[in-house]
Amino acid sequence: MKNNFEADIAIIGGTGLYQLDDFEELERRKLVTRWGDPSSELILSRYKNKTLIFLARHGLQHNIPPHKVNYRANLWALKECGVKQVIGVAAVGGITEKMSPETIVIPDQIIDYTYSRKHTYFEDELDQVTHIDFTEPYTEDLRSRLLLASDNAIDGGTYAATQGPRLETAAEINKLRIDGSDIVGMTGMPEASLAREIELEYACCALSVNWAAGCAGTKKIDHKEMLEIVDKGMLKIHSILKNILK
Ligand code: HPA
């Protein structure tokens, strides 16, 4: 796409992040890709002379569940707008001790427990089979920028991507912990691997919004409490996003 709807950096907003406070909205654009429709219009936004593109992962009305998100269309649309770096913002559950609610984590590893999602661009009309390297699933340079832009985000942790939309059982979370997971969310994959497939730099900025099932003595996950923490935490996320543009 060669026009002025372009930016180097994009934010994919998750639960609780549907718009960027303090950013000026320049233009909205509905794109259609060869992989279908992105979750929402793309919003070209500006903060202090720096532009970025914002995309609401679950739609602007939050009506697309994690397993129905068209991850392929979302990343493709961003690539078509010249985007080089993508920050996926995500609300997650905390599993290990340091991941208490309200903590911000910049994970460095992923375990993928999702299934039946359209998870690759490399399946039809191929000249050749492609296997991307995914040893380090996040782009280190972008992770470092996020850490520099935040006051006290935790550096590293393993993100377990579950299928949803239901939350997990306590036994499932125990298994994830034994596997080495620190946080759990439903949208981390295939977003990260699709980004790698089309050579977009990608990092995740995760906000712990609850103790995962059975952790820290949790008997039941209260959705209302979760949303309160989402609201509080998104203030911190906004400040990170503004800092990273500096
Ligand atoms: N599990 C999975 N996804 C989540 C959670 C959780 O506990 N909290 C926020 N997203």
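Modeller: In this predicted model, the count of aromatic pairs comes to five. One of them joins Trp35 and Trp76: their ring centres lie 5.6 Å apart and their planes meet at 70 degrees, so the pair is edge-to-face, the cut-off for that class being over 60 degrees. This pair links distant parts of the chain, 41 residues apart. Trp35 belongs to the loop between β2 (24–29) and β3 (42–47), whereas Trp76 belongs to helix α1 (residues 71–80).

I now turn to the ligand, which sits in the largest pocket. Its shell consists of Ala91, Val92, Gly93, Leu167, Glu168, Val184, Gly185, Met186, Val209 and Asn210. Sorted by class, these are six nonpolar, three polar and one charged residues. Three strands, β5 (85–94), β10 (183–185) and β11 (201–211), each supply at least two residues of the shell. The largest share, three residues, comes from β5.

For Asn210, a polar side-chain atom lies 2.6 Å from a ligand nitrogen. For Glu168, the distance from a polar side-chain atom to a ligand nitrogen is 2.8 Å. Ala91 takes part through its backbone, with a polar atom there 3.3 Å from a nitrogen of the ligand. As for burial, the ligand taken alone exposes 260 Å², and the protein buries 94% of that area.

Key
Residues are numbered from 1 along each chain as its sequence is written. This is a predicted model: local features need pLDDT of at least 70, side-chain atom pairs count only at pLDDT 80 or more; totals for chains, interfaces and linings use all residues. Side-chain values use heavy atoms; hydrogens and water are left out. A residue is near a molecule or strand if one of its heavy atoms lies within 4 Å of it. A polar contact is a pair of N or O atoms within 3.5 Å; within protein, one must be able to donate a hydrogen and the other to accept it, and residues adjacent in sequence count only if both atoms are side-chain atoms. Accessible areas come from the Shrake-Rupley method with a 1.4 Å probe; for residues, only the protein chains shown count as cover. On a 1 Å grid over the protein atoms alone, a cavity is a set of points where a 1.4 Å probe fits but cannot get out, and a pocket is an open set with protein on both sides within 12 Å along at least five of seven lines; lining residues have an atom within 4 Å of a point. A molecule sits in a cavity or pocket if more than half of its atoms lie within 2 Å of its grid points. Helices (H or I, at least four residues) and strands (E, at least two) are DSSP runs, numbered from the N terminus. Ala, Val, Leu, Ile, Met, Phe, Trp, Tyr, Cys and Pro count as nonpolar, Asp, Glu, Lys and Arg as charged, and the others, Gly among them, as polar. Rings of Phe, Tyr and Trp (its six-membered ring) pair if their centres lie within 6.5 Å; planes under 30 degrees apart count as stacked, over 60 as edge-to-face and the rest as tilted.
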